[in-house]
Amino acid sequence: MTNELSKAWDRYARTYARLGAPFTGYIAQSLFHTVAGRLPPAPRILEVACGNGELSRAAALHCLAEKTVGGQLGRVVATDFSAEMVGLAARNLSILGLDDIVRCEVHDGEALGFDAGSFDAVFSAFGIFLFPDRNAGWREAARVLRPGGLLATAVWRGSDENALARLQMAPIMAALPERVRASLPRPSWLDIASKDGLEREIASAGFADVEVSVFDAVLTVPTPGTMWEFMYENPVIQGVLARCTEAEISAIEESVLSSFKAKAGGPDRPLRFEASCHFAVARRI
Ligand SMILES: C[S@@+](CC[C@H](N)C(=O)[O-])C[C@H]1O[C@@H](n2cnc3c(N)ncnc32)[C@H](O)[C@@H]1O
């Protein structure tokens, strides 16, 4: 499928693979390892909104380890609605040489092209939480899981608990013209930024035994300019910048860079951001 949103992620794919995936990939792989011990033998695993496929890399290595000690062959399908992301994931995963275990396909997570009950586990790290119709994402995950199958997902916490979100957004909001600030809708994912909100939403989508835990990580970027490059092309930030004139975007860039330079201690110094997310794990009813 192709729409404006998937095209925006297509345009961001290379930058995301270079600057975002090494960091979110570490978190995504940790999400996988959190539940790996609960998977059945030869698991059928689906990753939704895989980006560069880092979670699927951990899943494929899990299946390889099982096969190596004489187990049966598990399978992993890495999916994303951005064809560019899927292409990069395929390239990233091909170096493992595990074509018999892992494959990459384009699928919209709001309308997956798989039969009901096809998977033992569905993972989505920072994927479904961003969907315009999030409930369609959870519903589809439940549909393609067998009864008793596992859902595991990672969702950012809000700015109060998550310095990464706070430090990125504060200099943007400070420089944003009042006209634009007043017109911005409240981001809908804030409904699931809290433990309670996330538990409630997943439980109401056909899951039981929802467990939510906190996972913290540190993002280190080489310079303030690199961080702005990473942020600037992000489709979510692009949605905000699209409402601004070129002069207004320059003022926002200046605000972000001066805030980051002050934090780093100079334009050529590395920056550290403390980040915090929730892992939710649940069983399909
Ligand atoms: C923040 S990235 C996360 C990527 C990866 N899971 C990670 O942790 O690095 C969000 C991903 O969601 C994908 N995405 C957004 N909406 C989607 C949808 N409706 N269906 C499938 N993928 C979607 C984007 O293309 C992008 O790859």
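Which side chain has an N or O atom 2.6 Å from an oxygen atom of the ligand? Select Asp80 and you'll have it. Keep in mind that this is a predicted model, where local features need pLDDT of at least 70, side-chain atom pairs count only at pLDDT 80 or more, and totals for chains, interfaces and linings use all residues. Numbering runs from 1 along each chain as its sequence is written, and side-chain values use heavy atoms, leaving out hydrogens and water.

Now show the backbone of Ala125, where a polar atom is 2.8 Å from a nitrogen atom of the ligand. The protein buries 96% of the 600 Å² that the ligand exposes when taken alone (Shrake-Rupley areas, 1.4 Å probe).

Next, bring up the whole shell: 16 residues surround the ligand, each with a heavy atom within 4 Å of it.

Switch to cartoon for the open sheet: seven strands, ordered E3-E2-E1-E4-E5-E7-E6, with mixed pairing (strands pair if DSSP finds at least two bridges between them). At the edges, pairing on one side only, are E3 (102-106) and E6 (207-221). Finally, pick E1 (residues 44-47) and E4 (residues 119-125): they run parallel, joined by three bridges. Within this pair, Ile45 sits opposite Ala121 of E4.

Methods. Helices (H or I, at least four residues) and strands (E, at least two) are DSSP runs, numbered from the N terminus. A polar contact is a pair of N or O atoms within 3.5 Å; within protein, one must be able to donate a hydrogen and the other to accept it, and residues adjacent in sequence count only if both atoms are side-chain atoms.
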